[in-house]
Amino acid sequence: MAITLVDRLREVLRTRHYSQRTEGAYVGWVRRYIRHFGRRHPREMGGAEVGQFLSWLARERQVSAATQNQALAALLFLYRDVLGRAIGDVGVTARARTPERVPVVLSRREVRLVLEQLEGVPRLVALLLYGSGMRLMEALALRVKDIDFERGEIVVRRGKGAKDRVTILPDGVRPALERHLRRVRRLHQRELAAGRGGVELPGAFGRKSPRAEREWVWQWVFPAGRAGADQETGEMRRHHLHPSAVQRAVAEAVRRARIGKRASCHTFRHSFATHLLESGSDIRTVQELLGHSDVATTMIYTHVLGRGARGVRSPLDG
């Protein structure tokens, strides 16, 4: 029964064009919810059980507020969109605390030190993250057609919230990116000659234009090192580079650079926003480049500008 329900959940998520990462997260939460109550079918449960599950996550598992909210979103989707009924009253639920954290930001010197420890594709990806403010998965999901060298722009497709946006193609990364794309094109030509060279296409576009999967413009900018079987069709295709490859390289680069901060790939995005604001860029412009729906989200970077806490001068320095 649970297997059929999970299959139905996947089907509805794909019909609504949810991302693969969201699909995996929602399926995982539904499975945990079912196991938590002894494999009872969710139709036999409702708001009371959902509330108990969320409270258990906060009290016993001590998950973050974001994790608890994701679990709630998955269960709301299950009841509303898959089972076709309201979830009901979840009662008084223990809520995980939402900490107010200031993002980790590297100085320009620290960014340079970390980049000097990187090489190859991870270095190129890191340059794009810092130079354009993209998230890691946004950079890895780039296709050749998304990079406009003439206009100096990168089109981010289906970013967070399934929104498209345009951001900067930094001049400093162009030569390396052009060399990289020439290598990728040679790889693509070899695969075409071997009867392969197809990539996954978004939504129903693959059915409408089946030949597009082998066209150069639809190829990944950062393809994986080897081809793998497609989850749905079983066809051998080359997917984009896995995020863990870049994450490991950046973590090692931070360690070797001896940066006294807990930096990651996402830190480049924080540093991009902060350094733009330090240089006098308008906060609305930074908001659009980052793809934030609300300028209040972008305002967090005003607290980490390189002018001391709250932008004031200590009386000791007077």
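Which residue in the hairpin of β1 and β2 takes a positive phi? The structure is a predicted model, in which local features need pLDDT of at least 70 and side-chain atom pairs count only at pLDDT 80 or more, whereas totals for chains, interfaces and linings use all residues. Residues are numbered from 1 along each chain as its sequence is written, and side-chain values use heavy atoms, with hydrogens and water left out.

Helices (H or I, at least four residues) and strands (E, at least two) are DSSP runs numbered from the N terminus. Strands β1 (residues 147–148) and β2 (residues 153–156) run antiparallel and are joined by 2 bridges; pairing requires that DSSP finds at least two bridges between two strands. Within this pair, I147 lies opposite I154 of β2. The hairpin has 4 residues between the strands, and G152 is the residue with a positive phi, near 70°. Strand β2 also pairs with β3 (residues 165–168), in the antiparallel sense and over 4 bridges. There, V156 has R165 in β3 as its bridge partner.

Helices α3 (residues 47–59) and α4 (residues 65–82) have axes that come within 10 Å and cross at roughly 160°. Axes are lines fitted to C-alpha atoms, for helices over the stretch in contact, with angles from 0 to 180 degrees between N-to-C directions. The two helices, α3 and α4, are therefore roughly antiparallel, a term for angles over 145 degrees. In contact (heavy atoms within 4.5 Å), V50, F53, L54, L57 and A58 of α3 meet Q68, A71, L72, L75 and Y79 of α4. By class, this contact has 9 nonpolar (Ala, Val, Leu, Ile, Met, Phe, Trp, Tyr, Cys and Pro), 1 polar and no charged residues (Asp, Glu, Lys and Arg), the others, Gly among them, counting as polar.

Terms used. Parallel < 35°, antiparallel > 145°, perpendicular 65-115°, else oblique.
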